[in-house]
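The structure is shown first, and the discussion follows.

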Amino acid sequence: MTDDLRTVTAGSVAIRADADSDGRNVYGYAVRWDEQTEEGGAAETPGLREGFARGAFAAAIQERGGRPWPLLDSHRSRGGRVVGSVQFSEDDIGLRYEGRLLDTEAAREYAATIPAGNDGVSLEFLYRGAQSKRSRGAIIHTAINRIAALAGEYIPAYRGATVALRQDGGLDMAEDTS
């Protein structure tokens, strides 16, 4: 099953202090609809860019039934620890998430690394059964069946995807020649 785990590094982290809270709320975008990775951004698709179509995560969100996803301090493959949880939703901009860091030493350590450059996030998803199309030098995922987690990452592939820390409370690919 781990062979099916795919990661897409997708954004940046910021810490924002609000006067009346504890600094453990996180939010941002894991993916923006109009952005793609640089060419070769995904090891599985060398020479191609990668992106997501609006609605690509709808089935995965619905299948989860309101349960949160883990927020990891780094990818599982690098020994990532659960430091919080997030909920995903789709909007006009992209795949948005909101969540909360745990009250643990690992979560505090993760939050402390953000100002030192650990300011990216990466989406982990299972690509078995994903639907994708190839269009103009890019792979565009149109349906992802399962999201695994969101992980901290030092170097994001998608420049516009974001996260902020707030103190308030197998591919099916169709060719598209358009």
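A salt bridge is here a side-chain nitrogen of Lys or Arg within 4 Å of a carboxyl oxygen of Asp or Glu. The model under discussion is predicted, and a search of the whole structure returns 7 salt bridges.

| Salt bridge | N to O distance |
|---|---|
| Asp 92 and Arg 54 | 2.6 Å |
| Arg 81 and Glu 109 | 3.2 Å |
| Arg 96 and Glu 98 | 3.3 Å |

In the salt bridge between Asp 92 and Arg 54, the closest N and O atoms lie 2.6 Å apart. This pair joins distant parts of the chain, 38 residues apart: Asp 92 belongs to the loop between strand S6 (82-90) and strand S7 (94-101), while Arg 54 belongs to the loop between strand S4 (49-52) and helix H1 (58-64). Asp 92 is exposed, at 62% relative accessibility, and Arg 54 is exposed as well, with a relative accessible area of 54%.

The side chains of Arg 81 and Glu 109 form another salt bridge, at 3.2 Å from N to O. Arg 81 sits in the loop between strand S5 (69-72) and S6, and Glu 109 in helix H2 (residues 105-113), so the pair ties together parts that are 28 residues apart in sequence. Arg 81 is partly exposed, with a relative accessible area of 37%; Glu 109 is likewise partly exposed, at 36%. Both residues also belong to a network of salt bridges that includes Asp 73.

In the pair of Arg 96 and Glu 98, Glu 98 is partly exposed, with a relative accessible area of 40%.

Notes
Residues numbered from 1 in each chain as written. Predicted model: local features only at pLDDT ≥ 70, side-chain atom pairs only at ≥ 80, totals over all residues. Heavy atoms only, no water. Helix = DSSP H or I, 4+ residues; strand = E, 2+ residues; numbered from the N terminus. Buried < 20%, exposed > 50% of the residue type's maximum accessible area, 1.4 Å probe, protein only.
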